[in-house]
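Thanks for coming. Please have the sequence and the model open.

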Amino acid sequence: MKLTQQGRPTDEVIADLEAKRANDVRWADGRTFGMIYDGGPSVHEVAERAATLYLHENALNTQAFPSLGEIQSQVVSWTAGLLHGEDGASGFLTSGGTESILCGVLAARERGRTERGIEAPEMVVAESAHAAFHKAAHLFGIRLHKTPVLPDWRVDVDAMADAVNDDTVLVVGSAPQYPQGVVDPIPEIAALAARVGANCHVDACMGGFVLPFVEMLGREVPPWDFRVEGVHSISADIHKLGYAPKGVSVILHRDKKLRRYQTFVFDGWLGGFYASPNLQGTRSGLPMATAWAVMQHLGIDGYKALTQQTLDNADRMRDGIAATDGVRVLGDGRYHLIAMTGDPESERPVDAFALGDALLERGWFHDRQTPPDSLHSTVSNTNTGVIDDYLKALGECVDEVRGTRADDRSTNYATLE
Ligand SMILES: *Cc1c(COP(=O)(O)O)cnc(C)c1O
């Protein structure tokens, strides 16, 4: 396919783009459980206006755009405050959770090399930890030990302990982990890392902008943030339940010295001194500005209200699933993530993927995951007002698919093309 020779008028181009979206998930209806996090009309408005202001700005050089340097430092320090970082806590904005994780892993490798002389670094992550840790190990030449989870889906700290050795630079916990939504025993993981002098990274990509508000709302949250001694770094995505549009996350380090291990500076190029906080070069100001604007617009009270709504939605969904014969929830996740599977104890069990197909036909989108075969929901304010409809559709679909099995067993968290 070749690019059109003659340019085309704006209205035509935009109309084409609108038409292309016809087969995309209908997230605005609230029928998508994940990928889109909808803070409501006023959040859209403030994000769109900030996006227009910063559409063209470039954070590559904050001497040219000091406003972006300030935006980054304010968003990072607000986030550090929510996560109980002490005075020295510092970090950077990145393009998303994956980049924040890559930065955290790189910092651990570099610290191991510098402070402990480790030449063949290793890391220990449970099978529940996000795939981005495997990507980091691949990119940065780190040997990864994958350890099993316990029946409650939390990491098995004993299994991790068996995999830790003198070359371990990093041990990882998640708050919460994505597949079943449970929070790992972070204090035990941090203590394990401390035993060999390795970093402990907490992946709060999902929980970073949820758990602080859950705690403020008075629901119990196990210890997971910088209040846990021995946590070195945390990743937290603003573009998930921080309700900013896609392209922005925070990587935080307990102090500036630890942060130094993730940055790159080079002073031997004909183009001049090059200092780089994360993995990007040219860096759009748009997501940074929208994050700043959305966080300012919502404030703590706004986030608490959205979190309350999220918890109400998720609790209703969990209760509804529990009340539906043939399906059940995996694990005892109490926040915004739900994994639903066929109940093996039911007399007429349900194939999760056949159920997923039937729900999708009615416009309800879940990620399919395995093992075990299950349907994933990241519940948020996006789903406010549709949970009763969903549970009605669920009941119908369960009846429809009992005794059938989907031919397609593929899962699809992320795709290539
Ligand atoms: C979403 C997520 C990531 C990855 O973040 P991206 O923004 O998709 O790159 C990592 N860990 C967890 C727990 C997540 O939910």
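The count of salt bridges comes to 28 in this model, counting a side-chain nitrogen of Lys or Arg within 4 Å of a carboxyl oxygen of Asp or Glu. Keep in mind that the model is predicted. In general, side chains of opposite charge can pair when their charged atoms come close. One of the salt bridges joins E115 and R111, with 3.1 Å from N to O. Why are E115 and R111 separated by about one helical turn? Because they are 4 residues apart in helix 4.

Helix 4 comes up again at the ligand. This helix, residues 97–116, gives 3 residues to the shell around the ligand, which is the largest share. There are 14 residues around the ligand, and those that come nearest are G97, T98, D203, H239 and K240. Sorted by class, the shell holds 6 nonpolar, 5 polar and 3 charged residues.

On the nitrogen side, D203 places a polar side-chain atom 2.6 Å from a ligand nitrogen atom. On the oxygen side, K240 has a polar side-chain atom 3.1 Å from an oxygen atom of the ligand. D237 also has a polar side-chain atom at 3.3 Å from a ligand oxygen atom. How much of the ligand's accessible area does the protein cover? On its own the ligand has 380 Å² of accessible area, and the protein covers 88% of that. As for the site itself, the ligand sits in the largest pocket.

Which peptide bond involving A175 is cis? The bond from A175 to P176 is, and its omega is near -10°. P176 belongs to the loop that runs between strand 4, residues 168–174, and helix 7, residues 186–196.

Another cis peptide bond goes from P371 to P372, with omega near -15°. Here the loop holding P372 lies between strand 12 (367–369) and strand 13 (374–378).

Last item: H84. Its phi is positive, about 60°, although H84 is not a glycine. Where is H84 found? It is in the loop between helix 3, residues 66–82, and strand 1, residues 90–94.

Notes. Residues are numbered from 1 along each chain as its sequence is written. This is a predicted model: local features need pLDDT of at least 70, side-chain atom pairs count only at pLDDT 80 or more; totals for chains, interfaces and linings use all residues. Side-chain values use heavy atoms; hydrogens and water are left out. A residue is near a molecule or strand if one of its heavy atoms lies within 4 Å of it. A polar contact is a pair of N or O atoms within 3.5 Å; within protein, one must be able to donate a hydrogen and the other to accept it, and residues adjacent in sequence count only if both atoms are side-chain atoms. Accessible areas come from the Shrake-Rupley method with a 1.4 Å probe; for residues, only the protein chains shown count as cover. On a 1 Å grid over the protein atoms alone, a cavity is a set of points where a 1.4 Å probe fits but cannot get out, and a pocket is an open set with protein on both sides within 12 Å along at least five of seven lines; lining residues have an atom within 4 Å of a point. A molecule sits in a cavity or pocket if more than half of its atoms lie within 2 Å of its grid points. Helices (H or I, at least four residues) and strands (E, at least two) are DSSP runs, numbered from the N terminus. Ala, Val, Leu, Ile, Met, Phe, Trp, Tyr, Cys and Pro count as nonpolar, Asp, Glu, Lys and Arg as charged, and the others, Gly among them, as polar.
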